[in-house]
2 protein chains.
Amino acid sequence: MKTYLDCLPCFMQQALKAGRIATDDDKKIRTLMDSIGTMIKDIPMENTPPETGEIIYRKIREITGITDPYKKIKEDNIKETLALYPELKDIVRKSDNKLLTAIRIAIAGNVIDLGVNKDFNIVKDVQKILKQDFAIFDFDAFVVELERAESILYLGDNAGESVFDKILIEEMNKPVTYVVREIPVINDAVMEDAVASGLNDVAEIISSGTTAPGTILRLCNNDFLERFAKADIVISKGQGNYEGLSSVDRSVFFLLKAKCHIIANDLKVKENDIILKGINLNV
Amino acid sequence: MKTYLDCLPCFMQQALKAGRIATDDDKKIRTLMDSIGTMIKDIPMENTPPETGEIIYRKIREITGITDPYKKIKEDNIKETLALYPELKDIVRKSDNKLLTAIRIAIAGNVIDLGVNKDFNIVKDVQKILKQDFAIFDFDAFVVELERAESILYLGDNAGESVFDKILIEEMNKPVTYVVREIPVINDAVMEDAVASGLNDVAEIISSGTTAPGTILRLCNNDFLERFAKADIVISKGQGNYEGLSSVDRSVFFLLKAKCHIIANDLKVKENDIILKGINLNV
């Protein structure tokens, strides 16, 4: 997804929010804002928003000296979602369509996104999303592809959401590689978050090599790129991965909640809609 | 009121909104955004936000070549509020406290503010504000000062709101000078808007000389500054005038609805609270 004009003020807003998580020092935050403001003119509209996100969060690290401002928040979110895990498993077990319920739960986990909105209520959102209609629903194609798949590459998004991903991975019952970011960026899951979420019990965990809050192929390492090319199914979680991969030339299933009106417009859906969207499908 | 960190992304947001009102040309809007972004580093936190607003709207004029992007919107708002005028007069006539009701109506008119929010419903807002409790309510002091005043300087804000101001001016029944901006900035009232609102029937209309979306004394002309110093009462409408004058050293009564959370915090009230606040009072 390209950068829209609306993304430009949003970059400033995100820098302010993340700067405040990283430090209480208003002078440092002001330096950060000045730096992002000056950078606005250098952002090509052809770039995807997470490419700019990568620069913003790099500047936050440089200016505040804090490499993982969301560390405590991520730990808390993982702890909170792990406590919900048995209950969520029970919901799947009792449901008529276990795979679809697990997909809904994985999307509900996507609400744990501090880049866009730090106020959320996980339990409330799960209950809502379990009943919500999909705005884009390529479920039948997903079932067909899943049936014949021998390898799944699962692109994770936020820490905490990762626990919800585990439930979908268990339900798919296929060999899964779970992909995390190379370094901490916003509250996106890195290796230790995926391990703390229990994903090593159900998947191989690798880093894509990206330092952006989304999968930007030109920033990814060769190991990831090879796996991305070869995987029978790629499942992409969340907005950042959608923004990075929406124009890619292989088949991808995007699972997300459209939490930003610009992404919603890009997908031709409404804000807060939930999406299971397949691109470049062979079915 | 000083500039808060939160104002910085908001300047970008306001530039985008106003740029889109002025032109459909995304390239010009992008040039505007780049220009405002680059300027962020030069904004002193000690400046009041309308001082930056002045620069933003100047850049919009320079880049788009449009000197009054809100002209049609202002005309529509004045037309719509003039149609409400008889009904509003009737509400005042039938009320127990005519002066207070006229104050409430004048505040309700303050919802016509396109700098902050272009979606509003005037009738709905009037009905709500007629019943709403004031978060700051220096009404008794206002009545005392009004009783002994021989001259009132009334600082207008938005076009359309100006029609609501007329109702309060009629109810005060004292010699009033109504003050408008020197040139069009957002949808703030200029001379022709005040005349179109019928204010010349009830007040002398002057320009403060300011080209900012708020009363910035250093940008005002000498005639205004003299009147500002001498007036028995100064009534200041809206957020922009509050931001410009909140630290001034003479008595001022601020009438506004706190539509922005930063201004609400500055006033120690909640967003959407209504305010009649006197500063530097002698009573």
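**Sheets, domains and chain contacts in a predicted dimer model**

Q: How many bridges join strand 2 of chain A to strand 3 of chain A?
A: Strands here are DSSP E runs of at least two residues, and helices are H or I runs of at least four, both numbered from the N terminus. Two strands pair if DSSP finds at least two bridges between them. Strand 2 and strand 3 (residues 176-180) of chain A run parallel, and the number of bridges joining them is 4.

Q: In strand 3 of chain A, which residue is the bridge partner of A:Tyr154?
A: First, some ground rules: this is a predicted model, where local features need pLDDT of at least 70 and side-chain atom pairs count only at pLDDT 80 or more, while totals for chains, interfaces and linings use all residues. Residues are numbered from 1 along each chain as its sequence is written, and chains are lettered from A and ligands numbered from 1 in the order in which they are written. A:Ile152 bridges to A:Val176 in strand 3 of chain A. For A:Tyr154, the partner in that strand is A:Tyr178.

Q: Are A:Ile152, A:Tyr154, A:Leu153 and A:Leu155 buried or exposed?
A: A residue is buried if 20 or more other C-beta atoms (placed from the backbone) lie within 10 Å of its own, exposed if 12 or fewer, and partly exposed in between. Strand 2 (residues 152-155) of chain A is covered on both faces. A:Ile152 and A:Tyr154 are on one side, A:Leu153 and A:Leu155 are on the other, and all of them are buried.

Q: What angle does helix 5 of chain B make with strand 6 of chain B?
A: The sheet of chain B is also an open one, with 7 strands in the order 1-7-6-5-2-3-4, and its twist averages 20° from one strand to the next. Helix 5 (residues 98-109) packs on this sheet, touching strand 5 (233-237), strand 6 (252-257) and strand 7 (274-279) of chain B. Axes are lines fitted to C-alpha atoms, for helices over the stretch in contact, and angles run from 0 to 180 degrees between N-to-C directions. For helix 5 and strand 6 of chain B, the angle is about 60°.

Q: Which helix of chain A gives the most to the side of domain 1 that touches domain 2?
A: An automatic or database domain assignment sets the domain bounds, and chain A is divided into domain 1 (7-64) and domain 2 (71-279). Two residues are in contact if their C-beta atoms, placed from the backbone, lie within 7 Å, and 10 residues of domain 1 of chain A are in contact with 13 residues of domain 2 of chain A. Helix 1 and helix 3 (49-64) of chain A each supply at least two residues of this side of domain 1. The most, 6 residues, comes from helix 3.

Q: How do the residues of the side of chain A that touches chain B divide?
A: The contact takes 16 residues from chain A and 16 residues from chain B, and helix 2 of chain A gives the most to the chain A side, with 7 residues. Ala, Val, Leu, Ile, Met, Phe, Trp, Tyr, Cys and Pro count as nonpolar, Asp, Glu, Lys and Arg as charged, and the others, Gly among them, as polar. On that basis the chain A side divides into 8 nonpolar, 3 polar and 5 charged.

Q: By what kind of axis are the two copies related?
A: Superposition is by least squares on the C-alpha atoms of residues with pLDDT of at least 70 in both copies. Chain A can be laid on chain B with an RMSD of 0.0 Å by a turn of 180° and a shift of 0.0 Å along the axis. The two copies are thus related as by a two-fold rotation axis.
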